[in-house]
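Subject: Structure handover

Hello,

Here is the structure I promised to pass on. My notes follow below it.

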Amino acid sequence: MNRLLPDWPAILAAGAAEAGGKAWALARLARYGFPVPDAMALPVAAYHAWLDQSGLANDLHTAAALPDAERVAALEALRPSLLAQRPDDALLAALRQRLTMPPWRDAALAVRSSAPQEDGASASFAGIHASLLNVRGEAALADAIVAVWASLWTPAAVAYRVRLGIVHHDAAMAVLLMPLLPARASGIGFTCDPVSGRDDRLVIHANWGLGESLVAGATDGDEIMLAEQARDDSLALLSYVPGAKAVTSVPAPGGGTTLVPGGAERREPVLTPAQSLALGELLRQAALALDYGHPVYDCEWAWDGERFWLLQARPVTARGRCTYPELLGQPDIWTRGNTRDVVPDRLPPMDWGSWRRLANALLETGFCLTGFPMLPGAQRTGLFDGRLYLNLSLIQWEGYAAFDVAPAAMNRLVGGRQPEIHVPPRTVRERVVVGARMVRYLLRAGALRRQGAPAIAEAMRLARQWREQPLPADDAGFAAEIRRQACHRHAQAPLHFMQGSGGACLSLLVDLLDAHRPGEGHALASALLAGGEPSVTLRQGYALSEVARIAMADPLASAWLATRRPGDDWRGLPADNPFRVAFADFLALYGHRCVYETYLGNPRWREAPDYLLGSLPGLASADMAVATARQRQAADAAWAEARRALPWWKRPLLGRLVRTAKQETNDREAARSALMAYAEPARLLWLALGERWVERGWLAGADDVLFLMPAEALAVLDGLRPGAALPTLIADRRERFAAWQAQPPPDVILQHGDHDDAAALAETMIPLTAEGRVFQGVAVGSGVATGPARLIQRPDDGARLAQGDILVVPSTDPAWTLLFLKAGGLVMETGGFLSHGAIVAREFGIPAVVNLPGILQRLREGERLRVDGRRGTVSRLD
């Protein structure tokens with residue numbers, strides 16, 4: 001393909017392999033409606049034809065393979081011959097014709113490198129390859145193209161490839177040509193803080209004239225720091241530090257550029273506060289469009305006096321690591337052990353935009369009560385191939401530093417089979433400090449927890465009000481309402497605390513029991529927590545079971561359920577029908593929930609109750625008396641054993657820990673329900689906006705809006721982004737989303753740190769193994785159960801579960817609770833002591849074992865299992 005790529009669509013179609021990384025990234029931005037100058041490109045094939053014609057390829061590869069000192073001399077000796085080789089005449093003719101057409105006629109050009117390996121996620125080649133500005137005339141253009149091609153073989157470029165392990169035979173070069181903008185100001189923008197590594201900061205460098213003065217390091221420009229506000233994703237100006245701006249790069253009269261001393265403007269800020277925010281938003285939007293899961297980009301920009309332009313966008317390949325000093329040198333451990341429980345599948349952008357900030361609020365609130373100095377800007381969630389991961393290194397360290405929770409104990413709470421960080425032994429002074437933090441936590445936690453019940457009631461009231469209020473009349477109204485609801489959700493500290501800090505007393509209870517019954521602490525704690533005041537999730541299950549009893553006792557309702565088809569409306573029954581009344585009451589309390597309710601794309605039960613209606617016939621056979629007796633029996637036996645095991649003076653502490661741990665886990669479930677209540681009107685609001693954008697031709701379907709980050713949708717509402725560009729962006733994201741589905745996600749990802757440290761950590765991971773026919777997991781439910789295995793991937797497949805069967809599942813959320821009413825035992829691939837399945841299994845007194853990744857692939861449907869909730873084992877009996 002030794003031909004000219006005449007415009008952005010052609011460059012995009014050619015792809016990064018032919019057009020190079022720089023050109024392809026800009027072509028994507030042009031496709032998504034961002035302000036990018038016109039362009040054309042010489043593909044990689046043109047470079048190969050030029051190099052083959054030169055006859056120097058073998059000599060260059062031989063020189064590149066020499067030791068460092070010899071390599072430099074050999075490459076420099078070949079350079080004159082390389083620069084003397086002219087481009088292909090046909091290619092120059094195509095360029096000549098193109099340059100007679102607008103907007104190229106009489107335009108000064110920017111001729112820039114665009115290697116396939118350049119501007120990538122692992123290699124930037126920043127400052128390595130040649131780029132020439134203010135190129136005028138055919139002869140100068142030919143020289144500039146050759147200079148760019150030849151820059152692939154400078155000593156610096158070859159050394160860079162050697163350092164990164166890039167094979168020289170794979171090296172190639174495309175050339176990007178753009179009109180030179182009449183830039184009044186230019187600069188570089190990072191959609192992160194490259195020094196601290198924080199991804200909630202943007203850093204902009206600005207100088208008058210062309211950006212060459214900053215890129216070449218010839219002077220210091222103004223430095224602008226913007227902060228991303230967690231409450232509503234808006235940007236705020238954090239600081240503006242004026243630079244020296246001693247020189248400015250300007251076009252030279254005969255071509256090229258020259259540095260001139262800064263004039264009177266050097267004393268003036270390059271950008272006003274409003275311009276700084278507008279540019280920051282443009283850079284952020286561009287980064288999100290290119291990679292919403294990892295929007296960390298280094299961009300070049302220019303301002304022509306009227307608008308900002310994007311000239312380059314490449315991933316940041318080297319930035320500071322935002323972590324605690326004690327973790328430097330150790331890898332970041334990213335795990336799905338906990339997140340698989342509530343978000344087992346890929347996260348669309350709208351969901352990721354919410355989780356990215358919410359997870360920090362959930363995890364930080366409890367630590368902040370202790371006075372522990374939290375790391376500013378730490379990000380505890382990450383998106384890899386569309387799946388949500390937790391940074392377990394941060395969580396393990398914060399648990400150890402603030403509460404003295406050992407990494408192994410934190411792993412058991414979180415769930416998953418992942419390595420542990422190395423922690424230093426405690427000094428006496430550190431133990432005193434941790435003790436003081438614990439006291440401070442206990443003094444403050446009670447007050448915050450007491451705010452929980454009013455916060456939950458307020459959530460239910462406001463969620464109903466927001467659901468029923470009229471929709472906004474215009475885009476400004478939608479933007480205001482979206483921000484208002486987001487700010488309110490962000491301020492719900494009691495709910496965040498209850499949802500994210502439910503394991504402190506549970507961990508202490510397990511440690512207390514383990515000290516006197518080694519290895520049995522989890523099982524004993526599970527049994528002690530059985531029964532008692534039911535959680536909201538358990539009440540939800542009991543309530544639906546009662547609805548099922550009423551339905552089956554009513555001939556009209558039972559007949560309707562027996563012949564019901566998906567989508568049939570239960571409200572077609574008479575208004576005074578007992579089942580209709582009971583079901584309406586149930587939806588009034590729990591209609592904001594659904595199967596895998598964390599995803600905004602999943603309709604709530606109030607909208608689509610088919611799953612509930614299909615579950616009713618099976619629930620009618622659930623024996624609540626058996627469940628209650630099982631709870632009581634498990635708790636009574638555990639109390640008797642715990643009293644025998646503990647000395648008398650620890651028994652009062654045992655009672656208090658059990659009561660508090662039970663309250664914490666109940667609060668965790670209640671807070672989740674409240675947060676899901678807030679999610680329901682948010683879902684309806686976004687979908688209503690999607691409907692309006694469908695009418696404008698911006699979306700194919702209302703749910704397309706969920707393939708935007710909240711900040712992206714708000715930018716469209718604010719008039720900062722063109723809505724007409726959304727279809728192409730969403731189409732590309734849906735295609736990538738489908739590709740992620742075919743990629744099995746790893747349970748653990750290790751990043752950073754030394755290779756040896758990462759290898760050592762990986763060796764500490766506990767694989768799923770079977771000793772004979774016995775699998776060892778984590779005990780989270782009491783007692784022993786035997787029965788046939790029912791391998792169920794989704795709760796709506798639960799009709800196959802008969803009373804007393806062993807329920808084997810990948811993960812659980814509240815929708816699975818209905819199946820717990822019939823299950824004799826629970827086996828779960830994921831989960832820890834704080835997972836939803838563990839909490840509810842404890843309440844039901846069901847023998848349960850979790851943290852058995854891959855168990856669904858190891859078992860057969862219907863084979864008999866023995867689930868030992870005391871030892872944490874699953875035995876194959878057939």
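Asn134 lies in strand β3, which spans residues 131–135. Its phi is near 60 degrees, a positive value in a residue other than glycine. Asn134 counts as buried, at 2% relative accessibility. Please keep in mind that this is a predicted model.

Backbone, continued. Asp233 is not a glycine either, yet has a positive phi of about 70 degrees. Asp233 sits in the loop between β7 (222–228) and β8 (235–241). With 11% relative accessibility, Asp233 counts as buried. Most residues other than glycine have a negative phi, and most peptide bonds are trans. Pro103 belongs to the loop between α7 (89–98) and β2 (109–114).

Two strand residues come next. Pro179 is in strand β4 (residues 174–179). Its relative accessibility is 16%, so Pro179 counts as buried. Leaving out residues up to four places away in sequence, Pro179 touches Asp38, Trp104, Ala108, Leu109 and Ala110. Pro179 and Asp106 are 73 residues apart in sequence, and their C-alpha atoms are 9.7 Å apart in space.

Asp298 is in strand β11 (residues 297–303). At 12% relative accessibility, Asp298 counts as buried. What is Asp298 in contact with, leaving aside neighbours within four places in sequence? On one stretch of sequence there are Ile188, Gly189 and Phe190; the others are Gln312, Ala313, Arg314 and Val316.

Now the helix packing. Two packed helices are described by the angle between their axes and the distance between the axes.

α26 with α19. The crossing is left-handed. From α19, the contact takes in Ala504, Cys505, Leu506, Leu508, Leu509, Leu512 and Leu513. From α26, it takes in Leu653, Leu654, Leu657, Val658, Thr660, Ala661, Glu664 and Thr665. By class, that contact of α19 with α26 has twelve nonpolar, two polar and one charged residues.

α26 with α27. α26 passes α27 in a left-handed crossing. Trp686, Leu689 and Trp693 in α26 meet Pro710, Ala713, Val716 and Leu717 in α27. The residues of this contact are seven nonpolar, no polar and no charged.

α23 with α24. These helices span residues 578–590 and 610–619. Their axes come within 13 Å and cross at roughly 125 degrees. α23 and α24 are therefore oblique to each other. Their crossing is right-handed. On the α23 side are Phe579, Phe583, Phe586 and Leu587; on the α24 side are Leu612, Leu613 and Leu616. The class count for α23 with α24 is seven nonpolar, no polar and no charged.

One more helix, α20 (residues 521–528). Eight of its eight residues are buried, so α20 is largely enclosed by the rest of the structure. Gly521, His522 and Ser526 are among them.

Last, the aromatics. The whole structure holds 21 aromatic pairs. One of them is Trp466 with Tyr678, a tilted pair: 5.6 Å centre to centre, with 40 degrees between the planes. Trp466 lies in helix α16 (residues 452–468) and Tyr678 in α26, so the pair ties together parts that are 212 residues apart in sequence. Are these two residues buried or exposed? Both Trp466 and Tyr678 are buried.

Trp605 and Tyr611 have ring centres 6.3 Å apart and planes at 20 degrees, so this pair is stacked. Trp605 and Tyr611 are both buried. Separately, Tyr292, Phe707, Phe737 and Trp740 form one aromatic cluster.

Best wishes

How values were computed:
Residues are numbered from 1 along each chain as its sequence is written. This is a predicted model: local features need pLDDT of at least 70, side-chain atom pairs count only at pLDDT 80 or more; totals for chains, interfaces and linings use all residues. Side-chain values use heavy atoms; hydrogens and water are left out. A crossing is left-handed if the near helix is turned anticlockwise from the far one by less than a right angle, and right-handed if clockwise. Helices (H or I, at least four residues) and strands (E, at least two) are DSSP runs, numbered from the N terminus. Contact means heavy atoms within 4.5 Å. Ala, Val, Leu, Ile, Met, Phe, Trp, Tyr, Cys and Pro count as nonpolar, Asp, Glu, Lys and Arg as charged, and the others, Gly among them, as polar. Rings of Phe, Tyr and Trp (its six-membered ring) pair if their centres lie within 6.5 Å; planes under 30 degrees apart count as stacked, over 60 as edge-to-face and the rest as tilted. Buried means under 20% relative accessible area, exposed over 50%, partly exposed in between (1.4 Å probe, protein chains only). Axes are lines fitted to C-alpha atoms, for helices over the stretch in contact, and angles run from 0 to 180 degrees between N-to-C directions. Angles under 35 degrees count as roughly parallel, over 145 as roughly antiparallel, 65 to 115 as roughly perpendicular and the rest as oblique.
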